[in-house]
Amino acid sequence: VAIKGIERELICPACKELFTHPLILPCQHNVCHKCVKEILFAFEDSFADGGSESSNQSSPRIKISSSSMDRIDRISRSGTKRNSLTPRSSLFPCPGCQRDIDLGERGINGLFRNFTLETIVERYRQAARAAIAIMCDFCKPPPQESTKSCMDCSASYCNECFKIHHPWGTVKAQHEYVGPTTNFRPKILMCPEHEMERVNMYCEICRRPVCHLCKLGGCHANHRVTTMSTAYKTLKEKLSKDVEYLISKESQVKAHITQLDLLLKETECNSERAKEEASHSFEKLYQVLEEKKSAALRAIEVSKNLRLEKLQTQAEEYQGLLENNGLVGYAQEVLKETDPSCFVQTAKQLHVRIQKATESLKSFRPAAETTFEDFVVDIAKQEEILGDLSFHSNGLEIPEINEEQSRMYNKALISWECPGKTDSADIYVLEYHKLNREEESATWQKIEVCSKSKVISDLDDNSSYAFRVRGYKGSICSPWSREVILRTPPAPVFSFLFDDKCGYNSEHLLLNPGRTSVESRAGFPLLLGSERMQVGCYTTLDYIIGDTGIAKGKHFWAFHVEAYSYLVKVGVVSSNKIQKLFHNTNDVTSPRNEQDSGHDSGSEDAFFDSSQPFTLVTLGMKKFFIPTTPAAPKDPASRILPLPSCLGICLDCDKGKVGFYDAGCMKCLYECEVDCSGIMYPAFALMGGAAVHLEEAVTAKYGEYRADI
């Protein structure tokens, strides 16, 4: 094999130089020993400096990619602190495949040295410097050219020095020697985990050599292993077959190389053509701008000359008002006329001119404006358009933001998709800005995303945001998607679970294991309860509250009510009224006590204000019922709204108000006052077949999870 033909395989992916003491990473890529240490030190400095760019300058040999720097916040320090020469971090991205590599507690010491690769690199170096001899390490100056190297002594000798240091009949005479080399490898490969043990097995799970102690009680105890000789034979057979197959396909490889050469030339020609077209396009833009510039300057110059002419004429007119000058001087001469008829003939017109001059003195106004505000060129929109100027391709689809999958809750989850269902873009750019009536031109905030969803934090409460997205494939980008406006909740999101202890009726209600969903069992116990009731009476509502209370501040939470639900009540209850809530007898009495029944209409409002121990609204049969209050509409039909797919409640303890929202668009459906003297708890009541599910909080990994699905 021509050793110079495999140079590409002998280059370290980190330092881009020939391997020096290469180590085998768990992902099976090779990296120089020194490079691994420098990468670990570089990432440790990045942690200390918060991932700043300056922390990446300590090692000129190592260039950490931007994608790796973006993942610094995901990489935590692990391993034990040894000494100042050993990096404390043991987790870093592989320079070859960018996968996160965990070196474990032993760090670099747990990696195998690739002696086979090291030998091949040394042969390459020897072929590259064939004219440069390896000198004897023991000759007196000047040293002689070495003729052999001792693998046991790790040194090179000339013939005379070798005889002196390896005398006949001694132990050293049995040392193994080879031709001159600088690559000295140990005869026996030792286990990095157990330094005194020789590796004699191969772990098929981890794909690495191990010793018998690793198998007995180490991290490979439950792994499938095979003998080293079997692994050697198997892997050598596989590698030989693969090499033979590639050699047999030499003609096909050469055909591909020829095709690639043609593609290289075609790429060169097409790139030059694209450059010419781009230059021509920009030249057209320059020409348009030059024409617009010339027209604007001409308009300003014409306006300037016209204004100067008017002001100059006005200045001359005022100059004539001075004594013995212009109009005043002429009037003074007319006054000298003694003939009445001649004087009257001339003075009449002169008097009119004098009166106009007198009036102009009383209200002085310049004949022309000195400012050129009307000639200010507004280029804000053009700047934005030019800023978005890029290569557009008809083959790159315009992404569309999916409003159904996008959510606004504790964080914003923005999801999008391509109409053709093909992932033609390599990366997406998501932009968003807060809608503010005071600001005419908002600044878009930009985020680069590799997937088709993104979780955004730190958005202001009770605010509307506009979102748009575009795809990039290399230097080509798609047009912007249609802008989608979403609104954040009116207050910070309040997290809680259903309480399975306080008043929870396990016979009628069913909680899921996570206590995020509750369902009423419309089964046999309910039928028995209805059978015991008198005609015209209602069965009991089953109540359940949240396990966390609110003492102050403004909070928001959301939930879903199943469409099949017959009757659900939602709202808040005070801690000092919880007992009254669970022992309320009005639920099983006559319809006369039902506030919406139509009986005793004169006392219903008083009952609602004073007797109700909680504030709830009624949901059911896909409807939202606004409670009967003095401020509510008199028409019953106007108090019935379609039930939103997601309902939200906003409690303001400081103002003593509770609002019920359509959580999809954050629109308030109903708001009323509430007594917040005690600790307030979310409250729910169910009857018949019904179910309520608390809204799931948006987490940082939520978008990745959805993308995987």
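Visitor: Which residues are buried in helix α8 (residues 326-334)?
Guide: Leu327, Gly329, Ala331 and Val334 are the buried ones in α8. Part of their cover comes from α9 (340-362). Before we go on, please note that this is a predicted model, in which local features need pLDDT of at least 70, side-chain atom pairs count only at pLDDT 80 or more, and totals for chains, interfaces and linings use all residues. Residues are numbered from 1 along each chain as its sequence is written, and side-chain values use heavy atoms, leaving out hydrogens and water.

Visitor: What makes a stretch a helix or a strand?
Guide: Both are DSSP runs, numbered from the N terminus: H or I over at least four residues for helices, E over at least two for strands. The protein chain has 14 helices and 34 strands.

Visitor: Why is lysine 336 called exposed?
Guide: Exposed means over 50% relative accessible area, buried means under 20%, and partly exposed lies in between (1.4 Å probe, protein chains only). Lysine 336 has 59%, so it counts as exposed. Glutamate 333, with 48%, is therefore partly exposed.

Visitor: What do lysine 336 and glutamate 333 form together?
Guide: They form a salt bridge, with the closest N and O atoms 3.2 Å apart. The term asks for a side-chain nitrogen of Lys or Arg within 4 Å of a carboxyl oxygen of Asp or Glu, so this pair qualifies. The whole structure holds 13 salt bridges.

Visitor: How far apart are the closest N and O atoms of arginine 515 and aspartate 547?
Guide: They are 3.5 Å apart, and this pair is a salt bridge too. Arginine 515 sits in the loop between β22 (509-511) and β23 (517-520), and aspartate 547 in the loop between β24 (542-545) and β25, so the pair ties together parts that are 32 residues apart in sequence.

Visitor: What makes a group of residues a nonpolar core?
Guide: Its members are buried Ala, Val, Leu, Ile, Met, Phe, Trp, Tyr and Cys residues, joined through side-chain atoms within 4.5 Å. The largest nonpolar core has 47 residues; Trp557, Phe559, Val570, Leu619, Leu651 and Phe684 touch the most other members. Strand β25 (residues 554-561) gives the most to this core, with 5 residues.

Visitor: Why is this core said to lie between domain 4 and domain 5?
Guide: Domain 4 (400-487) and domain 5 (509-583 + 611-694) both give residues to this core, so it lies between them. The domain bounds come from an automatic or database domain assignment.

Note on methods. Contact = heavy atoms within 4.5 Å.
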